[in-house]
Amino acid sequence: ENKTQSKLLPVSSGSRPVSKACSAMEDIPKLVGESMYKVASHVVDNVQRRLSSISEYIRNLQDPAAEKVIRNLQAIPTMVHNLLEARIEKAKATVRYRVRGMVSGLGGTENAGSTNRQQLVTQIRRISAEAEHEAGEAVRKAALECCVHATR
């Protein structure tokens, strides 16, 4: 959100504020994706670290089935990555759709007075908050889905 807001706040000054706002708003899905990919990377790294410890423990048990179990465990980080990636793309698409709706609704405010500019700033802040919420929900859903798969 901080990245998004820092890009959006200067919109109310300078020439053609609506054009600047629309341009900044078009960046929101990309920023959401970048932030979510960072979170996903940390999640996958954490899963790999934990599975490494579990694999080492299983290997030390010297059970004949240990290698098969370890091979199955090694597939989990890829599954988690793929699941998170699908959620990220879905969240970006949802945010992109909402942003485009807002951008198309801004057409008449280019020559607007300060009241309409304030409404524009309010709309931009709202879409930033919605984007953050959408990203959070996508990560939450992916985490729940990972937990469901982990218990199988």
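Student: How do you know that the span of H3 agrees with its 33 residues?

Tutor: At 1.5 Å a residue the 33 residues of H3 should span 48 Å, and the end C-alpha atoms are 48 Å apart, so the two agree; the expected span is 1.5 Å times one less than the number of residues. This is a predicted model, in which local features need pLDDT of at least 70 and side-chain atom pairs count only at pLDDT 80 or more, while totals for chains, interfaces and linings use all residues. Residues are numbered from 1 along each chain as its sequence is written, and side-chain values use heavy atoms, with hydrogens and water left out.

Student: Why are H3 and H4 called roughly antiparallel?

Tutor: The axes of H3 (residues 28-60) and H4 (residues 66-74) cross at roughly 175° and come within 9 Å. Angles over 145 degrees count as roughly antiparallel, and H3 and H4 are therefore roughly antiparallel to each other.

Student: Which residues make the contact?

Tutor: With contact meaning heavy atoms within 4.5 Å, H3 contributes Leu51, Ile54, Ser55, Ile58 and Arg59, and H4 contributes Ala66, Glu67, Val69, Ile70 and Leu73. These residues divide into seven nonpolar, one polar and two charged.

Student: What makes Gln62 count as exposed?

Tutor: Exposed means over 50% relative accessible area, and buried under 20%; Gln62, at 71% relative accessibility, therefore counts as exposed. Gln62 is found in the loop between H3 and H4, and has a positive phi of about 55° although it is not a glycine. Most residues other than glycine have a negative phi. In H3, by contrast, the buried residues include Leu51, Ser55 and Ile58.

Note on methods. Axes are lines fitted to C-alpha atoms, for helices over the stretch in contact, and angles run from 0 to 180 degrees between N-to-C directions. Helices (H or I, at least four residues) and strands (E, at least two) are DSSP runs, numbered from the N terminus. Angles under 35 degrees count as roughly parallel, over 145 as roughly antiparallel, 65 to 115 as roughly perpendicular and the rest as oblique. Ala, Val, Leu, Ile, Met, Phe, Trp, Tyr, Cys and Pro count as nonpolar, Asp, Glu, Lys and Arg as charged, and the others, Gly among them, as polar. Buried means under 20% relative accessible area, exposed over 50%, partly exposed in between (1.4 Å probe, protein chains only).
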